[in-house]
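Please read this note with the model open beside you.

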Amino acid sequence: MTVTTAREPSHAAAPATSEGPVSRRAGRSATTVTGRGGIVILFVVGLLGALASRWFDLGAAAGPGFVAGCVLAALTTRPADLLTLAVCPPLVFLLVTVVAEVLTSLGGESLGREVLVGLATTMATTAPWLFLGTLLVVVIALPRGLPTTVREFRTRLAGSRILAEDESQDPVRWDESPRRDPHLHHGEVD
């Protein structure tokens, strides 16, 4: 996990007081993580909640643990990586559930059967927590700069050669059918 420190732009000077310069973000932490770091935070906190739910027989700990991981990751991920974080909660939820089921089913009679039954049961009972966690990531990321990140991503895609039309493209147009002379009959040749 890569930890970075948010920097204030050099052109935006903070007001000075008798104690020195004051940050404009006095209430916020200056330490942020990359998108991958946010995904790791989401995975670890979600996995701790899922394992606590199974090992300590706390049935309700898996869902709130995942939601807590979503909120923590959304608050600590740097604004440039919020798009990466906003699309990953469903996949992380699946991975957390699979890992927790495998770890808690080890040593049982049939590992495969226990994992599949536990996976189906867990996914069915904790799905509302998945939706809530994903919604909270998006709601928290919106004021932190998600629309700007999406706009920049679309601009980069529009300027890339992937979406640009290739100059050496085959000039054949498949939608144009060749014209046939209606006066030629079946056996006649041009």
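Which residues does valine 137 touch, leaving out residues up to four places away in sequence? Find valine 137 and look around it before you read on.

1. **Valine 137.** The residues it touches are Cys70, Ala74, Leu85, Ala86 and Pro89, with residues up to four places away in sequence not counted. Valine 137 also belongs to the largest nonpolar core, where it is listed with Leu42, Phe66, Leu85 and Val92 as touching the most other members.

2. Mean pLDDT for the chain is 78, and 68% of the residues reach 70 or more. In residues 8–27 the pLDDT falls below 50, and this stretch has 11 contacts in the model beyond near neighbours in sequence. Where pLDDT is low, the predicted coordinates should not be read in detail.

3. **The overall plan.** The chain has 190 residues, and 28% of them count as buried. Its secondary structure consists of six helices and four strands. Reading from the N terminus, the order is β-β-β-β-α-α-α-α-α-α.

4. **Contacts and surface.** Take the contacts between residues at least 6 apart in sequence: 73% of them join residues at least 24 apart.

5. **The core.** The largest nonpolar core holds 24 residues. The elements giving two or more residues to this core are α1 (35–55), α2 (62–76), α3 (82–86), α4 (89–105) and α5 (111–144). In soluble globular proteins, nonpolar side chains tend to be buried together.

6. **Helix α1.** Does the length fit the residue count, or how many Å should α1 span? With 21 residues at 1.5 Å a residue, α1 should span 30 Å, and its end C-alpha atoms are 30 Å apart, so the two agree. The buried residues of α1 include Gly35, Gly37, Gly38, Gly46 and Gly49, along with Leu42, Leu47 and Leu51. Its buried residues pack against β4 (31–33), α2, α3 and α4. Just after α1 comes aspartate 57, with a positive phi of about 55 degrees.

7. Alanine 50 sits in helix α1. Is alanine 50 buried or exposed? Its relative accessible area is 5%, so alanine 50 is buried. Alanine 50 touches Ala62, Val96 and Ala100, not counting residues up to four places away in sequence. Along the chain, alanine 50 and phenylalanine 66 are 16 residues apart, and their C-alpha atoms are separated by 7.9 Å. Isoleucine 41 is in helix α1 too. It counts as buried because its relative accessibility is 14%, and the cut-off is under 20%.

8. **Helix α4.** This helix has 17 residues. From first C-alpha to last, α4 reaches 24 Å, close to the 24 Å expected at 1.5 Å a residue. Among its buried residues are Pro89, Val92, Phe93, Val96 and Ala100. The buried residues of α4 pack against α1, α2, α3 and α5. Glycine 107 follows α4, and its phi is positive, near 90 degrees.

9. **Threonine 126.** This residue lies in helix α5. Why does threonine 126 count as buried? The reason is its relative accessibility, which is 8%. A polar atom of its side chain lies 2.5 Å from the backbone oxygen of threonine 122. Threonine 126 touches Ala62, Gly63 and Phe93, not counting residues up to four places away in sequence.

10. **Threonine 149.** Look for this one in helix α6 (residues 146–159). Threonine 149 counts as buried because its relative accessibility is 10%. Its side chain reaches the backbone oxygen of glycine 145 at 3.0 Å. Threonine 149 touches Pro79, Ala80 and Leu83, again leaving out residues up to four places away in sequence.

Methods. Residues numbered from 1 in each chain as written. Predicted model: local features only at pLDDT ≥ 70, side-chain atom pairs only at ≥ 80, totals over all residues. Heavy atoms only, no water. Core = buried A, V, L, I, M, F, W, Y, C linked by side-chain atoms within 4.5 Å. Buried < 20%, exposed > 50% of the residue type's maximum accessible area, 1.4 Å probe, protein only. Contact = heavy atoms within 4.5 Å. Expected span 1.5 Å × (residues − 1). pLDDT = per-residue confidence, 0-100. Polar contact = N/O pair within 3.5 Å; in protein donor to acceptor, adjacent residues only side chain to side chain.
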